[in-house]
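Welcome, and thanks for taking a look at this model. Please open the sequence and the structure side by side before reading on.

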Amino acid sequence: MQTQDSTPFHSLTQIGQGDGVYISTYGCQMNENDSERMMSLLEMMNFRAVTSPDQAALIIINSCSIREKPVHKVHSEVGRYRKMKDANPKLKIGVTGCVAQQEKEQLKADIPLLDFVLGTDAIDRLPEIIARVRQGQSAVSARFEHQQPYHIETLIRNPGVSTFVNITKGCDNFCTFCVVPFTRGRERSRPATHVLDDVKKLVERGVKEVTLLGQNVNSYTSDCGVNFAQLLKTLARETNIERIRYTTSHPKDFSDELIDIMAEHQDKIMEYIHLPVQCGNSQVLERMHRGYSREDYIARVERIFKRMPNAVLSTDLIVGFPGETEAQFQDTMSLLREVPYENIFAFNYSPRPMTKAAKFADQIPEEVKSQRLSAVLELHREIAFDLAKKYVGRTLRVLVERHDEKTGRLCGRSTQNKSVYFTGSPAMIGSTVDVKISDAAPLVLKGDLIQ
């Protein structure tokens with residue numbers, strides 16, 4: 001299967017008029033952002049978003065390689081559409097995302113039902129690919145296209161109150177468990193002026209909060225030499241955006257300069273920090289190729305709390321990494337007791353193609369991994385509920401995002417990245433209000449609006 005760059009195609013305005021498109025998105029916020037970008041491009045071709053695949057003339061599966069059995073999930077979902085494809089030969093089905101990049105031609109060979117496979121760096125070629133497929137050409141697999149610097153315009157159809165702005169793509173760290181460098185490529189950063197322009201335009205459209213997005217945002221380096229801390233400072237000073245968030249950080253790149261700038265601009269840069277540790281044992285961290293020790297990580301956390309006493313931390317954890325002994329696992333448990341994480345994302349280690357750890361001989365039995373994961377989740381549940389108690393009676397600043405039909409209440413997020421529910425008028429959506437908290441769980445708070 002080859003990309004057919006020389007084949008002519010008809011005017012894009014003739015393609016997809018009035019047609020429905022259904023995008024199924026798996027995985028991280030980067031994939032969510034990519035799906036939004038694809039939908040924006042398709043709307044330019046007169047496609048319209050639909051909420052069910054049986055309403056669609058085009059189905060796109062935006063895949064993820066991070067979780068277990070990613071290729072199996074693609075096979076399974078495409079299989080569910082077989083009868084629809086038989087009934088409507090004009091229906092087109094494609095796979096994008098990390099699995100598409102990772103498997104390339106093999107994915108199409110294994111699933112003949114697919115009409116196209118699109119790599120992670122080729123999203124902007126989607127209109128061209130759809131046009132070719134609509135003309136009856138064989139499936140197209142777009143190549144991985146490296147660009148430096150990373151030029152991309154933020155395309156968001158209905159940004160609402162809060163939205164994402166991508167600033168980097170790819171990763172240079174090559175952690176031994178992670179497939180991202182192989183599916184998203186080497187790290188590239190957008191020019192700082194482009195990011196600044198995007199945020200200003202979003203503010204003009206009514207956006208109150210942006211989340212800067214990348215596999216490792218704090219290793220961002222613009223073509224003019226601006227680093228991530230300086231980018232945050234520029235956005236805080238030179239735009240009217242009310243709130244700035246970012247994800248995801250790497251502990252080895254979390255500099256003192258970044259901490260200082262966050263502390264100096266707490267009026268705009270939110271105090272919530274997602275800082276993935278992955279494991280609490282230094283030897284395992286070394287095998288993971290993380291670039292820091294347990295002691296380094298704790299020192300960084302102490303520095304954060306010294307400059308920002310109200311900082312809120314969350315983290316990622318992998319249990320059952322190859323060779324992890326019971327004693328090493330207990331170091332992760334003790335780290336949970338030592339660092340006040342208000343939220344964690346914990347997973348069993350799962351081998352990924354092309355990664356070094358997948359070839360390690362000392363793999364941990366699945367039953368041991370499951371036991372360790374259960375222990376981590378149970379311990380953190382106790383810790384998180386205890387930490388949540390501190391919010392009861394406090395007044396938090398809440399950016400109102402939506403009216404929740406199930407509860408009949410307004411819902412917004414506090415500066416600590418907590419979902420806060422309270423009674424109020426839908427006219428308040430988009431405004432920032434004070435809410436006194438009366439009930440607190442780890443992720444969800446309830447309270448009363450202070451008039």
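Predicted model: local features only at pLDDT ≥ 70, side-chain atom pairs only at ≥ 80, totals over all residues.

Some of the parts worth a look are the parallel sheet β7-β10-β11, the parallel sheet β12-β13-β14, and the buried residue E342.

**Confidence**

- For residues 1-18 the pLDDT stays under 50. The model has 43 contacts beyond four places in sequence for residues 1-18.

**The sheet β7-β10-β11**

- Three strands make up this open sheet, in the order β7-β10-β11, and they pair in parallel. The edges are taken by β7 (162-166) and β11, and each has a single partner strand, so one side of each is left without a neighbour in the sheet. From one strand to the next, the twist averages 25°.
- How many bridges join β10 to β11? There are five, between strand β10 (residues 209-213) and β11, and the two run parallel. To get from β10 to β11 the chain passes through helix α9 (residues 228-238), giving a right-handed β-α-β crossover. Across this pairing, E209 stands opposite R243 in β11.
- Strand β11 (residues 243-247) is mostly covered, with five of its five residues buried. In a regular strand the side chains alternate between the two faces of the sheet. In β11, R243, R245 and T247 point one way while I244 and Y246 point the other way, and all are buried.
- Helix α8 (residues 192-204) lies across β7 and β10. Relative to β7, helix α8 runs at about 165°.

- Is β4 enclosed or open? Five of the five residues of strand β4 (residues 92-96) are buried, so β4 is largely enclosed by the rest of the structure.
- K92, G94 and T96 point one way from β4, and I93 and V95 point the other way; all are buried.
- Strands of a sheet pair through backbone hydrogen bonds, either parallel or antiparallel. Strand β3 (residues 58-63) and β4 run parallel and are joined by five bridges, with N62 opposite T96 in β4.
- Strand β5 (residues 116-117) also pairs with β4 in the parallel sense, over two bridges. Here G94 stands opposite F116 in β5.

**The sheet β12-β13-β14**

- This open sheet has three strands in the order β12-β13-β14, with parallel pairing. At its edges stand β12 (272-274) and β14, each with a single partner strand, so one side of each is left without a neighbour in the sheet. The twist averages 15° from one strand to the next.
- Strand β13 (residues 312-319) and β14 run parallel, joined by seven bridges. T315 stands opposite I344 in β14.

**A buried glutamate, E342**

- E342 lies in strand β14 (residues 341-348). Why does E342 count as buried? Its relative accessibility is 5%, and the cut-off for buried is under 20%.
- The side chains of E342 and K390 are joined by a polar contact of 2.7 Å.
- Leaving out residues up to four places away in sequence, E342 touches V312, L313, H380, A384, L387, K390, Y391, K418 and P442.

**Backbone details to check**

- Which peptide bond is cis? The bond from T247 to T248 is cis, with omega near 5°. T247 is one of the buried residues of β11, and T248 is found in the loop between β11 and α10 (256-264).
- F174 is a residue other than glycine with a positive phi, near 50°. F174 sits in the loop between β8 (168-169) and α7 (180-183), and at 32% relative accessibility F174 counts as partly exposed.
- H289, also a residue other than glycine, has a positive phi near 65°. H289 lies in the loop between α11 (282-288) and α12 (294-307). With 47% relative accessibility, H289 counts as partly exposed.

Definitions and conventions. Residues numbered from 1 in each chain as written. Heavy atoms only, no water. pLDDT = per-residue confidence, 0-100. Contact = heavy atoms within 4.5 Å. Buried < 20%, exposed > 50% of the residue type's maximum accessible area, 1.4 Å probe, protein only. Helix = DSSP H or I, 4+ residues; strand = E, 2+ residues; numbered from the N terminus. Pairing = 2+ DSSP bridges. Right-handed = clockwise from strand over helix to strand, strands pointing away. Axes fitted to C-alpha atoms, helices over the stretch in contact; angles between N-to-C directions. Polar contact = N/O pair within 3.5 Å; in protein donor to acceptor, adjacent residues only side chain to side chain.
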